[in-house]
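Dear colleague,

Please find the structure below, together with its sequence.

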Amino acid sequence: MSSIEELEALQIARALGDPNRFAIYKHLAEISEMRCGTICLNTPVRAATVSHHLKVLADAGLIESRREGQGVYYRTVPERLKAYLRYLRKLGNGRGSTA
């Protein structure tokens, strides 16, 4: 995705604004992909809460998943974060959306 709209930017900001979601995203960004069970082991919150955080990140387009057998693997979508950063840079340069 090459560009994002204001509502998408807000959704991404909300997704990354939660400390647990930010930690999950950061951890995923440091590796190629991770199985859901491993994410749960590396997070201090309950598995159901991790699932919710993964859904919020996926709904924002920041991560995607693939199923392999009974496992679900997650990875980041770098293009989405880059588009968000471009949007923020435009705001910093005074060329953001006024809608």
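Arg75 is partly exposed, at 23% relative accessibility; the term covers values between buried, under 20% relative accessible area, and exposed, over 50%, with a 1.4 Å probe and protein chains only. The model is predicted, so local features need pLDDT of at least 70 and side-chain atom pairs count only at pLDDT 80 or more, while totals for chains, interfaces and linings use all residues. Residues are numbered from 1 along each chain as its sequence is written, and side-chain values use heavy atoms, with hydrogens and water left out.

Salt bridges

Arg75 forms a salt bridge with Glu64, with the closest N and O atoms 3.1 Å apart; a salt bridge here is a side-chain nitrogen of Lys or Arg within 4 Å of a carboxyl oxygen of Asp or Glu. This pair links distant parts of the chain, with Arg75 in strand E3 and Glu64 in strand E2, eleven residues apart. Helices (H or I, at least four residues) and strands (E, at least two) are DSSP runs, numbered from the N terminus. Glu64 is partly exposed, its relative accessible area being 37%.

Arg75 also forms a salt bridge with Glu33, where the closest N and O atoms are 3.1 Å apart. Glu33 lies in the loop between H2 and E1 and Arg75 in strand E3 (residues 71-76), so this pair ties together parts that are 42 residues apart in sequence. Glu33 is partly exposed as well, with a relative accessible area of 24%.

Because Glu33 is in the loop between helix H2 (19-29) and strand E1 (34-35) and Arg66 is in strand E2 (residues 63-68), the pair ties together parts 33 residues apart in sequence. Arg66 has a relative accessible area of 28% and is partly exposed.

The structure holds seven salt bridges. Through shared partners, salt bridges join Glu33, Glu64, Arg66, Glu68 and Arg75 into one network.

Helix packing

H2 and helix H4 (residues 47-59) pack at an angle of about 75°, with their axes 10 Å apart. Axes are lines fitted to C-alpha atoms, for helices over the stretch in contact, and angles run from 0 to 180 degrees between N-to-C directions. H2 and H4 are therefore roughly perpendicular to each other, a description used for angles of 65 to 115 degrees. Asn20, Arg21, Ile24 and Tyr25 of H2 make the contact with Val50, His52, His53, Leu54, Val56 and Leu57 of H4, contact meaning heavy atoms within 4.5 Å.

Ala9 is in helix H1 (residues 6-17) and is buried, at 5% relative accessibility. Ala9 touches Ile4, Tyr84 and Tyr87, not counting residues up to four places away in sequence. Ala9 and Tyr84 are 75 residues apart in sequence, yet 6.2 Å apart in space, C-alpha to C-alpha.

Leu85 belongs to helix H5 (residues 78-92) and is partly exposed, with a relative accessible area of 35%.

Yours sincerely

Technical notes: Parallel < 35°, antiparallel > 145°, perpendicular 65-115°, else oblique.
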